[in-house]
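Subject: Structure handover

Hello,

Please find the structure below. My notes on it follow, grouped by region.

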Amino acid sequence: MSASKDDGGRWERHSDILFGGLPYLLLFLSTALSLVHGPPPGRRLLTTLGLAALAALWILGTYTLPTGRRSRQPYGVARTAVYFTGLLALSAALVARDQVFMVFAATGFLQALVLLPTVWALVSVAATSFVVNTVPDGLPRPTTGAVVGYIAAIAFQTVVIGWINLLSSRLNEQHQRRKRTVAELRSALNENAGLHAQLITQAREAGVLDERQRMAGEIHDTLAQGLAGIIRQLEAAEHAEGDHEVWRRHLVAAKDLARDSLAEARRSVQALRPEQLESRTLPDALECLIEGWSRGREAKVAFATTGTATPVHAELEATLYRVAQEALANIAKHAEASKVGITLSYMDDVVVLDVLDDGVGFDPAAAEAEAGTSGDHGLGLVAMRRRLGRVAGTLDVESARGEGTAISAAVPVIPQEAGA
């Protein structure tokens, strides 16, 4: 888009330079043709060259310098009328000396189309046509045919060139409207991208507090409970010193609780900062997550990616990764599923993560209401929905008891550079 904009601006600058130099080019060409055609002797030659020089100075002083080379920009009807009056007078004087200067007189036709509004452009075209049709041969003979032909020629030139002027002005207006529309759209898109990036930054800041609250809940409901269980098992082992089998059973139980607590601690830390995304794409990170989750479990997991995998803003990828992580954790804790299907879909304007299982299912509305009132310790559905909401994402949950669960998380496509 920027390349086409630069090309358009370059074309306008070049056309302005060409249009600004057109009167001088036609004057030089007419003068050269006059000299080649048969330079008038003596004073007539000097007079012709003097008139040509005066015309050049008139164009320079009343047109080129006042407009600052921005030759297509009008600078007032009155000043333009003065310029055209002098231009036509000099054109008439030069045409009277040699008809080849009609080439230079055509400047009036060309500039009237661009520099003046429609009505004044028609007046200037008519005046130029009068000079072109009158000066070389004088007024027509006082006969009906000659007068009608003379008037018809001027009228025809005025109407045709005036129609071209009207068409050109309409096309120019449409072009300007399109430019304004494109500029407004570009501004709106830039503002929208900036707003999305700002929202994501705010989500990152708000996510710090959310993660602290989540970690506090994880520590209280998993690690603290695990440590309490370990202490109970060790205390029971102390009281069973005389019975080796009971002592060993409590010691093994304490070790198992310690291993489980360590696994929970690692999972919590990884949820706080998904290191897999630092060196992998989102699809690869999800594959790694699924592989680790499947190890030691009987449930079969199928993972697929559809569309063209395009990197999006890091916060969006982290959000989808966290949703997948929490969904798998919920399946492991509650679903009793034998099959799990995960699909990551890249579309034009959204990235969608679908997680399906054939487990026992549940009532989503009741689960979210219970979590909201009891302060559920996990991320859960409420936390996932809140996290997605912070990045303008959505969460859809479909489930019923005995019918499995389908979770669909969608985030908008925002390129990584939008938040840079």
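**Aromatic pairs**

Searching the whole structure turns up 2 aromatic pairs. Rings of Phe, Tyr and Trp (its six-membered ring) count as a pair if their centres lie within 6.5 Å; planes under 30 degrees apart are called stacked, over 60 edge-to-face, and the rest tilted. Tyr 63 and Tyr 83 are stacked, with 5.1 Å from centre to centre and 20 degrees between the planes. Tyr 63 belongs to helix 2 (residues 42–67) and Tyr 83 to helix 3 (residues 77–97), so this pair ties together parts that are 20 residues apart in sequence. Helices (H or I, at least four residues) and strands (E, at least two) are DSSP runs, numbered from the N terminus.

Tyr 83 also pairs with Phe 84: the ring centres are 5.6 Å apart and the planes stand at 70 degrees, so this pair is edge-to-face. Buried means under 20% relative accessible area, exposed over 50%, and partly exposed in between (1.4 Å probe, protein chains only).

**Basis of the model**

This is a predicted model, in which local features need pLDDT of at least 70 and side-chain atom pairs count only at pLDDT 80 or more, while totals for chains, interfaces and linings use all residues. Residues are numbered from 1 along each chain as its sequence is written, and side-chain values use heavy atoms, with hydrogens and water left out.

**The chain overall**

The chain has 13 helices and 5 strands. Of its 420 residues, 36% are buried. Among contacts with a separation of 6 or more, 70% are between residues 24 or more positions apart; contact means heavy atoms within 4.5 Å.

**Annotated spans and Asp 98**

An unreviewed UniProt entry lists residues 17–36, 45–65, 77–96, 103–127 and 147–168 under "transmembrane region". UniProt positions are given in the numbering used here, feature names are shortened, and annotations may be inferred rather than shown by experiment. In the model, residues 45–65 are 100% helix and 0% strand, with the end C-alpha atoms 28 Å apart. Residues 77–96 are likewise 100% helix and 0% strand, and their end C-alpha atoms lie 28 Å apart.

Asp 98 sits in the loop between helix 3 and helix 4 (102–105). The residue is buried, with a relative accessible area of 13%. Leaving aside residues up to four places away in sequence, Asp 98 touches Ser 34 and His 37.

The 5 strands form an open sheet with mixed pairing, in the order 1-2-3-5-4. Strand 1 (300–306) and strand 4 (394–399) are at the edges with a single partner strand each, so one side of each has no neighbour in the sheet. From one strand to the next, the twist averages 10 degrees. Axes are lines fitted to C-alpha atoms, for helices over the stretch in contact, and angles run from 0 to 180 degrees between N-to-C directions.

Two strands pair if DSSP finds at least two bridges between them. The pairings are as follows.

- Strand 1 and strand 2 (residues 339–346) are parallel over 7 bridges; Lys 300 stands opposite Lys 339 in strand 2.
- Strand 3 and strand 5 are antiparallel and joined by 8 bridges; Asp 354 stands opposite Ser 408 in strand 5.
- Strand 4 and strand 5 are antiparallel over 6 bridges; Thr 394 has Ala 410 in strand 5 as its bridge partner.

Strand 4 and strand 5 form a hairpin with 5 residues between them, and Gly 402 in the turn has a positive phi of about 85 degrees. Strand 5 is mostly covered, with 6 of its 8 residues buried.

Helix 10 (residues 282–294) lies across strand 1, strand 2 and strand 3 (350–357), at about 175 degrees to strand 1. Helix 11 (residues 314–335) lies across strand 2, strand 3 and strand 5 (405–412), at about 5 degrees to strand 3.

In helix 13 (residues 380–390), the buried residues are Gly 380, Leu 381, Ala 383, Met 384, Arg 387 and Leu 388. Viewed down the helix 13 axis they fall within an arc of 165 degrees, so they line one face of the helix. That arc is taken over the directions from the helix axis to the C-beta atoms. After helix 13 comes Ala 392, which has a positive phi near 60 degrees.

Regards
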